[in-house]
There are 2 protein chains.
Amino acid sequence: MVYTGETKHIFKGNRERLCDAYTKGGFIYHQGGESTTRYNTDVDVVFRQEAMFMYLTGVTEPDFHLVLDVAKKELTLLMPRLPAEYAVWMGHIDTPEEVRERFGADRVIYVDEEAEFLAGLTGEIHSFVEYPEVKNVVFDAALKTAIVECRVLKSEDEMILIQSACDGTSKAFRETMKMVKAGMVEYQADATLNYHAYMEGLRFHSFPAITGAGPSASTLHYTANNKVIKPGQMMLIDGGFEDKCYAADITRTFPVDGKFTERQKALYNIVLKANIECIEMIRPGLHWKDIHDHATNVIAQGLHDLGILVGDLAEAKKLYIPSIFFPHGLGHLMGLEVHDVGGFIEGVPRLTAPGEANLRLQRELTERMVVTVEPGCYFVNETINPALADPEKSKYINEKVLREYQAEVGGIRLEDDILVTNDGHYVITTVPKTVEDVEKLIGSQ
Amino acid sequence: MVYTGETKHIFKGNRERLCDAYTKGGFIYHQGGESTTRYNTDVDVVFRQEAMFMYLTGVTEPDFHLVLDVAKKELTLLMPRLPAEYAVWMGHIDTPEEVRERFGADRVIYVDEEAEFLAGLTGEIHSFVEYPEVKNVVFDAALKTAIVECRVLKSEDEMILIQSACDGTSKAFRETMKMVKAGMVEYQADATLNYHAYMEGLRFHSFPAITGAGPSASTLHYTANNKVIKPGQMMLIDGGFEDKCYAADITRTFPVDGKFTERQKALYNIVLKANIECIEMIRPGLHWKDIHDHATNVIAQGLHDLGILVGDLAEAKKLYIPSIFFPHGLGHLMGLEVHDVGGFIEGVPRLTAPGEANLRLQRELTERMVVTVEPGCYFVNETINPALADPEKSKYINEKVLREYQAEVGGIRLEDDILVTNDGHYVITTVPKTVEDVEKLIGSQ
């Protein structure tokens with residue numbers, strides 16, 4: 001359920017941490033998201049705040065700006081001035097005092113008073129985004145780094161919202177897994193997922209959900225969602241919803257008939273083993289690539305055990321054969337954006353090898369990071385067929401066995417959201433994932 | 001249910017009518033909607049095509065352009081060139097030939113070939129939107145008028161999609177009216193409405209739905225949707241969903257307990273009478289304002305009969321007292337936009353009186369127009385209180401009686417979608433609306 005308690009202190013805490021981290025002092029300036037309409041018609045786009053502005057204010061309405069006094073840790077909000085007659089159409093228009101109280105700001109003025117206000121400040125005004133059109137405001141890369149690094153570490157208060165987003169998303173997954181049946185269209189899984197999340201008060205998705213059955217699940221970012229689900233297929237659902245812009249992100253893959261086939265179970269258990277063991281590894285100080293490598297090894301060994309991969313596995317790895325089946329990174333930071341900021345450290349060169357190049361997190365884990373762990377195994381013809389056509393690579397693949405598995409499985413991914421704690425980790429998401437639990441859940445309706 | 005049949009001929013028909021209407025010949029150029037992400041993150045905004053581009057092509061994917069040869073009625077589509085490696089993430093990438101076949105175009109090239117293609121055309125290239133950055137293309141206001149007037153009259157083929165949008169939306173309304181109960185939060189009505197529409201294959205709303213209970217229903221464009229629904233309240237739901245961008249737009253207001261109180265019933269029947277009688281009036285040749293005026297008269301007379309309005313009604317009308325309770329227009333054209341283009345004729349001055357100024361349709365009805373009929377009656381403190389404070393106006397209002405009704409009703413609106421036929425009209429939407437039918441529907445679960 002959406003968190004309905006007081007939230008001012010969450011965003012106040014965010015501001016305070018930034019003010020402590022940013023040693024240059026002076027003032028910080030930023031503009032929030034703007035109200036937009038569909039193609040200049042009068043159809044409003046439902047407003048979702050920009051992440052940095054949300055982080056510093058908690059304001060969920062469009063067309064606000066902020067000025068933060070770093071030394072005093074004082075927030076000035078600049079609000080849009082709406083014509084009085086809007087009240088008939090939009091309801092009561094809050095006064096600046098009401099806005100100040102609602103968001104716990106220290107001062108609220110109108111945006112049309114901004115130029116004068118900025119001109120009157122004594123001290124430098126910095127921004128972490130370029131605002132060439134705003135006088136007196138200077139972009140500072142160090143400020144950008146400071147706020148990104150603040151956002152990387154989630155406070156206990158922020159965790160309240162990540163937890164409620166994960167709780168609501170977890171519930172939506174459980175309900176959807178029970179509902180999905182052969183004969184439905186893939187988008188009906190999306191409809192069901194959205195419904196249960198929104199019923200919990202989570203209106204915004206973290207990203208458009210992927211709901212693909214059978215071969216559709218082999219397309220990593222499949223969003224057509226327009227195929228009829230067939231008996232015997234596995235369904236992959238990757239989705240997440242936000243509470244006050246804080247994201248959740250879950251993937252489950254399950255047999256739509258409620259019962260795994262032997263081949264489905266064998267592949268599923270490989271991905272499950274990678275998911276569980278990688279989560280178990282999570283603790284401060286470990287480099288994310290080491291955990292990713294473990295997932296790669298588990299998947300490679302599993303495919304070898306099944307006879308899909310053959311020959312010397314060490315040699316196959318040198319040719320990045322496993323990345324044919326696991327072509328993406330193990331996971332990413334998660335917060336006010338589902339792929340949250342801070343995955344790369346400025347100045348450290350990015351990884352480039354197949355599979356590793358797609359890692360969205362290339363640094364050591366630190367206490368209070370929130371990460372996703374999402375190993376997967378897919379039969380993607382776009383990566384398999386070129387490998388089979390290459391004699392150097394094809395000798396490590398048994399195509400006959402591969403095609404037998406491919407006929408029953410498009411792709412499997414299992415994703416949970418994890419908080420790094422001082423001595424390990426805490427799993428935030430709660431959707432059944434063992435073969436037994438999944439079959440029990442799906443059979444429960 | 002979403003229309004899953006062939007649609008190429010629908011958009012081909014649209015192109016042909018424009019080519020017939022646009023006597024200057026030459027070529028027509030237009031750019032479709034662009035793919036966008038949320039605040040420059042990697043979170044895709046689910047793509048909804050721009051209405052004019054949809055009208056002429058039926059293309060539901062982003063980043064396309066079109067060139068239409070007016071004399072030959074030939075469509076050239078310009079498609080984006082995607083890197084081959086996208087296939088791993090997005091699935092099979094259609095070739096130009098596949099795109100040509102899919103949308104029934106005469107020729108498909110890549111957008112990066114556009115400059116050369118345009119330069120090679122012999123004849124003027126016109127657009128109905130300004131494209132200062134595209135060489136050889138000249139804006140023509142006459143072309144804009146031509147396409148707007150084409151869009152005003154819906155072909156039989158277009159009606160297939162408007163009908164399926166209205167069918168799916170009607171079904172979603174019936175299901176939602178059965179589900180909504182006191183104790184739910186208003187947004188849960190929105191969640192339920194969206195769910196049932198999406199389950200029918202209607203993924204996009206025509207506009208963000210208004211789901212307001214009790215006093216919330218008095219805010220005309222209420223979208224906070226965050227109040228708990230109380231026993232005894234009436235719920236106003238104004239929503240609609242699209243099939244291939246063609247809109248539906250329905251409003252129903254109903255007692256959440258399934259049973260109208262006497263006061264609720266009395267007010268409801270006034271709005272219902274206005275809705276039914278205005279629909280009955282619809283035929284080619286009648287000016288929309290005349291039908292709007294009838295709605296105003298029915299509502300004014302009804303409020304007078306209930307004792308909310310007192311004194312000489314003709315005098316009250318001169319002071320626009322009825323517009324305090326019915327402050328919006330009777331309806332609007334509907335098509336590829338919910339408030340469709342063509343409501344005003346170029347050069348004809350707009351109406352300015354209270355109530356009338358908000359009319360979105362200020363012209364005579366013509367066969368094949370699709371309009372909404374949505375009379376309403378609201379107790380909006382933002383319009384009532386100033387009137388009560390004005391001695392000239394307050395003498396026509398019995399505040400005591402008004403407040404008694406206001407305690408039980410925030411606002412009532414009843415909206416249906418209507419096709420103007422050669423000798424009258426056809427009601428496209430199918431949601432129960434008599435007191436008896438509404439009570440029966442809500443009691444049915």
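**Note on the domain and chain contacts**

1. Between domain 1 of chain A and domain 2 of chain A, the count is 5 salt bridges. The model is predicted. One salt bridge in chain A joins A:Glu158 to A:Arg17. Their closest N and O atoms are 3.4 Å apart. That is within the 4 Å cut-off, so the pair counts as a salt bridge.

2. Polar contacts between the two domains come next. Domain 1 of chain A and domain 2 of chain A have 8 residue pairs in polar contact, with both residues at pLDDT 80 or more. Which helices of chain A supply at least two residues each to the side of domain 1 that touches domain 2? They are helix 1 (8-21), helix 2 (51-57) and helix 6 (141-152). Helix 1 of chain A gives the most, with 5 residues. By type, this side of domain 1 of chain A has 9 nonpolar, 3 polar and 4 charged residues.

3. Now the domains themselves. Domain 1 of chain A covers 8-152, and domain 2 of chain A covers 156-443. Their centres, taken over C-alpha atoms, lie 36 Å apart. In the contact, 16 residues of domain 1 of chain A meet 18 residues of domain 2 of chain A.

4. The size of an interface is often given as the accessible area lost when the parts come together. For domain 1 of chain A and domain 2 of chain A, the buried area is about 1,600 Å². Carbon and sulfur atoms account for 61% of it. On the domain 1 side, A:Arg48, A:Arg151 and A:Val152 supply 39% of the area buried against domain 2 of chain A.

5. Next, the two chains. Chain B and chain A each bring 55 residues to their contact. They bury about 4,200 Å² between them. Carbon and sulfur atoms give 62% of that area.

6. Across the interface of chain B and chain A there are 6 salt bridges. A:Asp190 pairs with B:Arg203 in a salt bridge, with the closest N and O atoms 3.3 Å apart. The interface of chain B and chain A also has 19 residue pairs in polar contact, both residues at pLDDT 80 or more. On the chain B side, helix 3 (86-90), helix 8 (186-199) and helix 13 (381-388) each give two or more residues. Helix 8 of chain B has the largest share, 9 residues. The chain B side divides into 24 nonpolar, 19 polar and 12 charged residues.

7. Last, the symmetry. A rotation of 180° with 0.0 Å of shift along its axis superposes chain B on chain A, with an RMSD of 0.0 Å. The two copies are therefore related as by a two-fold rotation axis. Which residue of chain B comes closest to the rotation axis? B:Tyr195 does, at 2.8 Å by its C-alpha. The copies meet through the same surface, because 100% of the interface residues of chain B are also interface residues in chain A.

Technical notes: Residues numbered from 1 in each chain as written. Chains lettered and ligands numbered in written order. Predicted model: local features only at pLDDT ≥ 70, side-chain atom pairs only at ≥ 80, totals over all residues. Heavy atoms only, no water. Contact = heavy atoms within 4.5 Å. Buried area = accessible area lost by both parts, 1.4 Å probe. Salt bridge = Lys/Arg side-chain N within 4 Å of Asp/Glu carboxyl O. Polar contact = N/O pair within 3.5 Å; in protein donor to acceptor, adjacent residues only side chain to side chain. Helix = DSSP H or I, 4+ residues; strand = E, 2+ residues; numbered from the N terminus. Nonpolar A, V, L, I, M, F, W, Y, C, P; charged D, E, K, R; others polar. Least-squares fit on C-alpha atoms with pLDDT ≥ 70 in both. Domains from an automatic or database assignment.
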